[in-house]
Each structure stands twice: as C-alpha cells, then as structure tokens.
Amino acid sequence: MTEYATPTARTPPRPLWLPDRRIPWYILLPSLIAAGAMLVPLCYLILRAFEADPQTLHDLILRWRNLDLLINTLALALGVIATTTLIALPLAWLVVKTNIRFKKALTLLGVIPLAVPGYVMAYALIGLGGNYGVLAQLTGFQLPRIDGYLGAMLALSLYTFPYLFLNLRATLAGLDGNLEESARSFGYRERDIFLKILLPHLAPSLMAGWLVIGLYVLGDFGAVALMRYEAFSYAIFTQYAGAFDRIYAAWLSLMLLAVALSFVMLDGLVIKRRLARVGTGVARQARLMQLGKWQLPAWLFLATVFAASIGLPIMILAYWLLLSPPAVDFFLEVPATFLRSAGAALPAALLAAAFALPVAYLAVRYRSTVATLVERSAYIGYALPPLTLALAMVFFTLTAAPFLYQSLGMLIVTWAMAALALAVGPIRNVLLQTRPSMEEAAHSLGHGPVSTFLWVILPRLRRGILAGIVLVFVLCMKELPITFLLAPTGYTTLAVTVFTRTTEGMLAEAAPFAAAIVVFSSLSVGLLLTKEGKR
C-alpha cells in the first residue's frame, strides 16, 4: 500500500521586528521603562513649545535673534572643532608615527586635560587677564580680559581635544605599515602619503571625535555663560531664569536639539566606506619617522599645548590657593560640598547601571528591531543637550508631578538619564565577549533563566558594570547645567559653587572647589587609563 505524506502544520515565521525567543519579563519590563523615560522629556518639551497661540509662535520662531544665536552656536562649534584638530592631529602623529621620546608620558599628558572641565578652564582664563588678573599681579603686565567668542572657544578647545586625540591615536597605532611602504615604493612623497593614504583612513576617527566634541559644545553651558557668549545654551538659561519666558526657552531648546541631530545625521552621511584589509598577508608596524631638525619645533608645540591645557589652570589655582588664598572657612566647606556632590552622583550612577544592564542584555541576547529601538533610546539622554534635557524635566515636573520639582530625586533621575549611554556601552561590550554556550550549558544542568543570569552571566558582567558606574559617577560629579536647573534650593555641588562664585568675581573663593574637581577628575582619569592598560 502506498503511503502519502500528510501535510504538517508549519509555524508561521516570526516577524523580523520581534526576537526569536521570548523575552523574560524581568529583562523586558525595565528596558521598556528606560526607553519610555527617555521619551518623556521630548514629549513635554514639544507640548510646552506649542502652548502658545499661532501668532505668538510665528513671532517666536521668526525672530532675527534666533538666526544670530544659530550663527554664534555654529561658529563656536566649528571654531572648537578646528582648534582641537590643530592640536590633536599633530599630537597623535608625534606620539605614534615619530621617534619622539617619552611617548607614554606624552600620552598621559594628552589625556589629563579631561580632568579640567570647560567651566574650570574658563575660570582659569578669566583669572589670567584683567586689572586683577594673576598675570597683572605677578608681572605687572595687564593682559586684556579673555571673554566672548575667543574665551569660550579656547576654554572648550583646551578641554575637549583629548577626545579627538584618543580616537586618532588608536587609529594611527592600528594602521598597517604595508600601506605606507607600498606607497613609497611607487614614488609617493611623505606629504602625498599623508593626504592620499593616511587621511582617508583617519576620516572615521576624525568624524567620531568631531561628533563628540560638536555635541559637547552645543550643550555646554558653563564656559559659554562665564564668557558671556550668546549661544543657544546661554540664551535658553537667560530666557528661563531671567525673563521667565518658558515657551520661548522651549523653542530655543527644540532649535538646539535640531542642530544637534543635524550633527549626528551628517556624521552618518559622511562616513559610509569601510576601510580595512581585504587581502592576505601579515600586517606590520610602519617605520618611525625621524624628526631630525624638527625635534625642537615638535617639543615647542608640545610644551605650548600642555602649558595651556594643564599648566594654565594649575598656575591660576596655585596662585589663588597659595599666594592669595581665601579665608580658611572656604577650605573647610570643600569636604561637605564634595560629599554632597558624591551623595547625588553615586545613586545616579547606580540607577544608570541598573537600567543599563537589562537594556544591554536585551540588545545582545534578543536581537530584533524592538531591541534595537530600545537600545538606541538609551542614547537619547546623552544626545540631548544637557540644558535642553533639564528644561524638559522642569516642564514635566511642573505639569505632571509638581511635588518632584527641584527635588533631589528628580536631579538623580535626570543625571541617570543623561548618562545612561555611558553605562550601557561597557556592559554591552562584555556581553558581546560572553559566549551564549555558557548559558546553554547552565540550562542543560538544570538552571532556570533567573539562576543562570545570577550565577553565570552576572559575575562576568561585574567589570563592565563597574566601569559604567565609574564613568557615570565622574560625569555627574562635574555636571553643571542640569544641576543648575534641577537641584533643590540651597543644594550646591562643586560645579555649581565654582560657577556661581566665578560669575560673582569671587575667584579666590572659587579656587578650593575648582581644585577639588581637578584633583578628583585627575585621579579618575588616571584610574581609567590604568584599567585600560591592564586589559
């Protein structure tokens, strides 16, 4: 008898936007909460902006002042990008491609400026010039007061150039030396090798560094406000705090957000090529360039960069602390202010890590469109200019939860939202290095999903979780614009104290708190570099 195969029911394929496996509730729920929280400030900012009548909206949007603010903001961002490139590219080239000595020390000095926040650098520049500036007091020579565009551009450039330096250094160190040797064998000169061979390979690193620096400049408030430079961030604060025109402040925030998004989109449009080896063979280290007669100019360049980015703030702080110190009472306030800052920064770091863990786990272990959207939503808070995020949270609390307005809890939550992306990155990187077979083996031995996560996965993630906590903690300890708008009345942090006293001309009284920020940030940067070297 002939047997015929009976058709079996086939399970329809799962949509691409859903994961292949069912997501545990303890992973999905906190991930969705984190993603939803990121959308709240955007929604309330838009709602607040459209509260005005059509005629008012027309007048607000088409003000000539908005165009001036846009030009000023873009000019500042482009000026900082150009200046940081002129500093970081030669510095990375000298450290990686030449025979210059003390490369490890030079690399450390190239990163240390990250310990001097933009508003502290602005404090140093302000304290240098003018009638009562340090230079006039020590030498009798009066340098014109540094402020406005030049002051803001210098302060932000001297703080942010390490972001670009680290990107360029990593790329130059990883380039295959065969590229340069092959170009030389075809008769290319060193200049042509740089322009036609190396520069295209450096383009992704340049764009990555420029994007980070550009977004930071767009969102900076401290240096811009201290230098009295009319950019979007300064105008937003003055409209909210001074003029109490919150609808106009909301529109300025949306305009600033649009500029920031244009920077992100431009980065994606420019860098599309993949530059990597496709042939066989062994990569080799390129031969180092002998500086020869350029040895002295190279060291002069390095001395100028490090004197401006590290020596200047140290000199200004040393003058106000040692030669013209404030009253002892101001020194005694530093420990309490430091603990007050840490008391809010540590819970924010722990909260950010707690939400980053499920978001990273969802993105790596349950890949789908939903997981991708949840992961990318974690970067909204970091991409939003800090003052825009803070203003949006002000609108949210005043409308939906007035009891949270200017509360410590809201400050901690907003800090965690702003820094969530910093916590997601290290955890995601460790998860990508953790083999899924470890979880499968645990399941085969009778472990359930929860026990597998707690006893197999979580111990391997401790390094990533700790790195994320440290990064968020350091950022929150130095954070200024969010604190300025959301901190409870009378709750002053190190950053707010430095800013307010510098604004009032109390440079000596601000020095102990600025020094505390520099020392703490220097120790944190050194710790991160040490951990990087041990990997």
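User: How many residues does the protein chain have, and what percentage of them are buried?

Analyst: A residue counts as buried when its relative accessible area is under 20%. In this predicted model, the protein chain has 535 residues, and 49% of them are buried. The accessible surface of the chain comes to about 26,400 Å². Carbon and sulfur atoms hold 67% of that surface.

User: How many helices and how many strands does the protein chain have?

Analyst: The protein chain has 24 helices and zero strands.

User: Where does S407 lie, and which residues does S407 contact beyond its neighbours within four places in sequence?

Analyst: S407 lies in the loop between α17 and α18. Its relative accessible area is 16%, and S407 is therefore buried. With the neighbours within four places in sequence left aside, S407 is in contact with L486 and P488.

User: The loop at S407 stands between two helices. At what angle do α17 and α18 cross?

Analyst: For a pair of helices, one reads the angle between the axes, the distance between them and the handedness of the crossing. Helix α17 covers residues 386-400, and its axis crosses that of α18 at roughly 135°. The two axes come within 11 Å. An angle over 145 degrees would count as roughly antiparallel; α17 and α18 are therefore oblique to each other. Their crossing is right-handed. On the α17 side the contact is made by L389, M393, F396 and T397, and on the α18 side by M410, T414, M417 and A418. By class, the residues of this contact are six nonpolar, two polar and no charged.

User: Helix α18 also packs with α21. What is the angle between α18 and α21, and how far apart are their axes?

Analyst: Helix α18 (residues 408-432) and helix α21 (residues 462-478) pack at an angle of about 155°, and their axes are 8 Å apart. The angle makes α18 roughly antiparallel to α21. The crossing of α18 past α21 is right-handed. From α18, the contact includes W415, A419 and L422. Among the partners in α21 are R463, G464, I465 and L471. The residues of this contact comprise 13 nonpolar, two polar and one charged.

User: Which residues does I469 contact beyond its neighbours within four places in sequence?

Analyst: I469 is placed in helix α21. The relative accessibility of I469 is 17%, so this residue counts as buried. Apart from its neighbours within four places in sequence, I469 is in contact with A349, L350 and A353.

Terms used
Residues are numbered from 1 along each chain as its sequence is written. This is a predicted model: local features need pLDDT of at least 70, side-chain atom pairs count only at pLDDT 80 or more; totals for chains, interfaces and linings use all residues. Side-chain values use heavy atoms; hydrogens and water are left out. Axes are lines fitted to C-alpha atoms, for helices over the stretch in contact, and angles run from 0 to 180 degrees between N-to-C directions. Helices (H or I, at least four residues) and strands (E, at least two) are DSSP runs, numbered from the N terminus. Angles under 35 degrees count as roughly parallel, over 145 as roughly antiparallel, 65 to 115 as roughly perpendicular and the rest as oblique. A crossing is left-handed if the near helix is turned anticlockwise from the far one by less than a right angle, and right-handed if clockwise. Contact means heavy atoms within 4.5 Å. Ala, Val, Leu, Ile, Met, Phe, Trp, Tyr, Cys and Pro count as nonpolar, Asp, Glu, Lys and Arg as charged, and the others, Gly among them, as polar. Buried means under 20% relative accessible area, exposed over 50%, partly exposed in between (1.4 Å probe, protein chains only). Accessible areas come from the Shrake-Rupley method with a 1.4 Å probe; for residues, only the protein chains shown count as cover.
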